[in-house]
Amino acid sequence: MSRLDTDQKLEENSTGLGADPQLNAAADKRPSWLVELMDWIKTFAIAFAVVLLLHFFVFNLSKVEGHSMEPTLTEHEWLFVNKIIYIVGKPKFGDVVILREPGSGTGEKKYLVKRIVGLPGDRIEVHDQRLYRNGELVDEPYTDSLIEDMSYGPEIINEGHYFVMGDNRHARASLDSRSFHAVPEELIQGRAEFILWPYNEIRAL
């Protein structure tokens, strides 16, 4: 092919790259309200997708039901739950956590809020109405009574498991690891960071 032929072909192709005048005209005929509506729909769709991703992987809001965490938490308070923290790190002693109730089926959504009082390898024991960790008395300023239930343990916490208790230490006030033993890490959904509601109780945990 000669140079002239090549140039001519490029020129011919370039004339076909322009937008179809009829398509442009059709687009121009769309009402302005329809264009604006479509923009709003796109915006809401993107925002909804972002919120869903944040809800499943970063945080959620949980409502307190029951009295097992009194006096730290009271019924009907709303908690901000950090879910990503245990994706990048491990639960720590003293964390207030949301966990799936042991024994509940995958289709059931039963969750508990408890405090971690024992880590993997710890020796946990309750006697004389007090909690002991590795033979040492645990200082628990978040409670308002001695442990009124029966003594427990000693129990050595298995690797990948955590011992949880409710802050309410009155008799039969909390369903926790004294009933179902230490919980596997995969049941722990996130850490409660703040009380968000009611407004007069807003504070970090």
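Biologist: Which side chain is joined to that of Y152 by a polar contact?

Modeller: A polar contact is a pair of N or O atoms within 3.5 Å; within protein, one must be able to donate a hydrogen and the other to accept it, and residues adjacent in sequence count only if both atoms are side-chain atoms. Here the partner of Y152 is E155, at 2.2 Å. This is a predicted model, in which local features need pLDDT of at least 70 and side-chain atom pairs pLDDT 80 or more, while totals for chains, interfaces and linings use all residues. Residues are numbered from 1 along each chain as its sequence is written, and side-chain values use heavy atoms, without hydrogens and water.

Biologist: Where is Y152 placed, and is Y152 buried or exposed?

Modeller: Buried means under 20% relative accessible area, exposed over 50%, and partly exposed in between (1.4 Å probe, protein chains only). Y152 has 12%, so Y152 is buried. Its place is in strand β8, residues 152–156. Helices (H or I, at least four residues) and strands (E, at least two) are DSSP runs, numbered from the N terminus.

Biologist: Which residues does Y152 touch beyond its sequence neighbours?

Modeller: Contact means heavy atoms within 4.5 Å. Leaving out residues up to four places away in sequence, Y152 touches E125, V126, F163, S177, R178 and H181.

Biologist: How many salt bridges does the structure hold?

Modeller: Side chains of opposite charge can pair when their charged atoms come close. A salt bridge is a side-chain nitrogen of Lys or Arg within 4 Å of a carboxyl oxygen of Asp or Glu. The structure holds ten. One of them joins K90 and E185, at 3.1 Å from N to O. K90 lies in the loop between α4 (85–88) and β3 (96–100) and E185 in the loop between β10 (183–184) and β11, so the pair ties together parts 95 residues apart in sequence. K90 is exposed at 51%, whereas E185 is buried at 18%.

Biologist: What is the distance between the closest N and O atoms of R115 and D167?

Modeller: In that salt bridge they are 2.7 Å apart. R115 is in strand β4 and D167 in the loop between β9 (161–165) and α5 (177–180), 52 residues away. R115 is buried, with a relative accessible area of 9%, and D167 is buried at 0%.

Biologist: Which residues are linked with R191 in a network of salt bridges?

Modeller: D95 and E193 are. The E193–R191 pair meets at 3.0 Å, N to O. E193 is buried at 15% and R191 at 19%.

Biologist: Which side chain of opposite charge is nearest to K114?

Modeller: Lys and Arg count as positive and Asp and Glu as negative; His and the chain ends are not counted. For K114, which is buried yet has no salt bridge, D176 is nearest, 5.3 Å away. A polar atom of the K114 side chain lies 3.0 Å from the backbone oxygen of L175. K114 is found in strand β4, residues 111–118. Beyond four places in sequence, its contacts include S68, D95, V164 and S174.

Biologist: Which residues form the nonpolar patch on the surface?

Modeller: Patches are made of residues with over 30% relative accessible area and no salt bridge: like charges are joined within 9 Å, nonpolar side chains (Val, Leu, Ile, Met, Phe, Trp, Tyr) within 5 Å. Here L61, W78, F194, L196, W197, Y199 and I202 form one, with about 760 Å² of accessible area together. Such areas come from the Shrake-Rupley method with a 1.4 Å probe; for residues, only the protein chains shown count as cover. Strand β11 (residues 188–197) gives the largest share, three residues.
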